[in-house]
Amino acid sequence: MVFGILAMILLGVFLITLIWGIVRLFKKKPVKRLFLTTAVSFVLSMVFFYVLGDQMEKEEAAQEKKESQMQAEREARIEKKTATTASATVKPTLKFVEAAGIVYKMVEDTNSADVDMTKAKFIKTSIMKGYLTTKMKDHVYMYADTDKSGEWIQATFDDNDNVVKKVEMSPDLEKKVVASVNKEKATETAKKEEAQKKADEQKKQEEQKAKEEAQAKAAEEKRKQEEAARAAEEKRVAEQKQKEQEALQAKQQAEAEQARKEAEEKAQAETQAQQQQQQTQTATFANCTEVRAAGRAPIRQGEPGFQAKFDRDGDGIGCDQ
């Protein structure tokens with residue numbers, strides 16, 4: 001402390017004499033003694049700073065040695081503890097490395113413990129149950145494996161014992177815990193990747209199935225449309241054939257009716273002709289005027305109704321004049 005004060009004073013003297021010397025130099029006044037004082041104060045201040053630094057290094061080394069001794073004494077106290085303490089009489093429910101891993105993962109985590117108890121109580125009564133517990137100071141607890149006293153864990157909580165702020169472990173235990181946590185993370189990552197892979201495959205299968213269903217639906221719709229078009233064409237063709245059949249039947253009926261009528265007319269004409277012929281054959285004419293009126297002129301000898309009086313010239317043809 002004294003060396004530090006002296007060093008600061010000498011450094012101040014150095015700065016003041018240096019500035020004052022520069023001012024006197026510009027004023028062209030003697031500065032030799034002043035600069036000599038400046039040089040001496042600078043050298044002395046450096047010497048005091050060096051001595052101060054060396055002393056501080058020694059004090060730091062002594063402090064580190066003291067802390068190492070305290071840590072060794074603390075570990076020795078833990079090793080000397082017997083398993084007859086309250087926390088060690090209960091058989092642990094977890095392996096020490098597993099319990100340490102849980103605490104390790106609870107750093108800065110506010111959702112790991114039960115809502116009805118603090119984190120410190122949760123760790124002491126649930127996770128680290130059965131292991132040797134030593135309260136180092138407020139909110140700082142050290143746990144040791146009674147079977148393997150070389151492994152220990154120290155948990156530092158916040159002022160409310162709600163959050164694990166820091167976790168320190170013995171080197172071997174830390175290696176085991178980190179390896180275990182990394183393995184667990186890798187396993188969890190592998191599970192997530194596998195789950196994602198399965199989800200992607202399932203999604204792909206569902207998409208393929210949906211695509212196939214859509215194609216099948218489109219094909220079915222096309223088939224229905226083709227069937228509907230074919231049925232419509234068949235119906236049109238059937239209707240066309242029916243119309244043609246009906247037209248043919250109508251034509252045939254008309255032709256049959258026409259033939260029937262012609263046959264009836266022909267039969268009627270033949271009947272009339274026969275009747276007329278019969279009438280003519282049986283008819284007797286008084287003179288040629290009646291023969292002509294009956295359409296029989298000229299009338300020949302041997303035909304029904306011929307009379308000699310109709311043939312005046314005797315050539316066998318009557319009513320020819």
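This is a predicted model: local features need pLDDT of at least 70, side-chain atom pairs count only at pLDDT 80 or more; totals for chains, interfaces and linings use all residues.
The largest nonpolar core holds 22 residues, among which Val103, Ile123, Ile127, Met128 and Ile153 touch the most other members. At least two residues of this core come from each of helix H3 (96-105), helix H4 (119-127), strand E2 (140-144), strand E3 (152-157), strand E4 (164-169) and helix H5 (171-282). Leaving aside residues up to four places away in sequence, methionine 128 is in contact with Phe96, Ala99, Ala100, Val103, Ile123, Tyr143 and Ile153.

Across the whole structure, 9 salt bridges were found. One of them pairs glutamate 151 with lysine 176, with 2.6 Å between the closest N and O atoms. Because glutamate 151 lies in the loop between E2 and E3 and lysine 176 in helix H5, this pair ties together parts that are 25 residues apart in sequence. Glutamate 151 is buried, at a relative accessible area of 9%, whereas lysine 176 is partly exposed, at 38%.

Arginine 260 forms a salt bridge with glutamate 257, the closest N and O atoms being 2.0 Å apart, and another with glutamate 264, where the corresponding separation is 2.2 Å. Glutamate 257 lies 3 residues from arginine 260 in helix H5, about one turn of the helix. Glutamate 264 is 4 residues from arginine 260 in helix H5, so about one helical turn separates them. Arginine 260 is partly exposed, with a relative accessible area of 36%; glutamate 257 is partly exposed at 31%, and glutamate 264 is partly exposed at 42%.

Note on methods. Residues are numbered from 1 along each chain as its sequence is written. Side-chain values use heavy atoms; hydrogens and water are left out. A nonpolar core is a set of buried Ala, Val, Leu, Ile, Met, Phe, Trp, Tyr and Cys residues joined through side-chain atoms within 4.5 Å. Buried means under 20% relative accessible area, exposed over 50%, partly exposed in between (1.4 Å probe, protein chains only). Contact means heavy atoms within 4.5 Å. A salt bridge is a side-chain nitrogen of Lys or Arg within 4 Å of a carboxyl oxygen of Asp or Glu.
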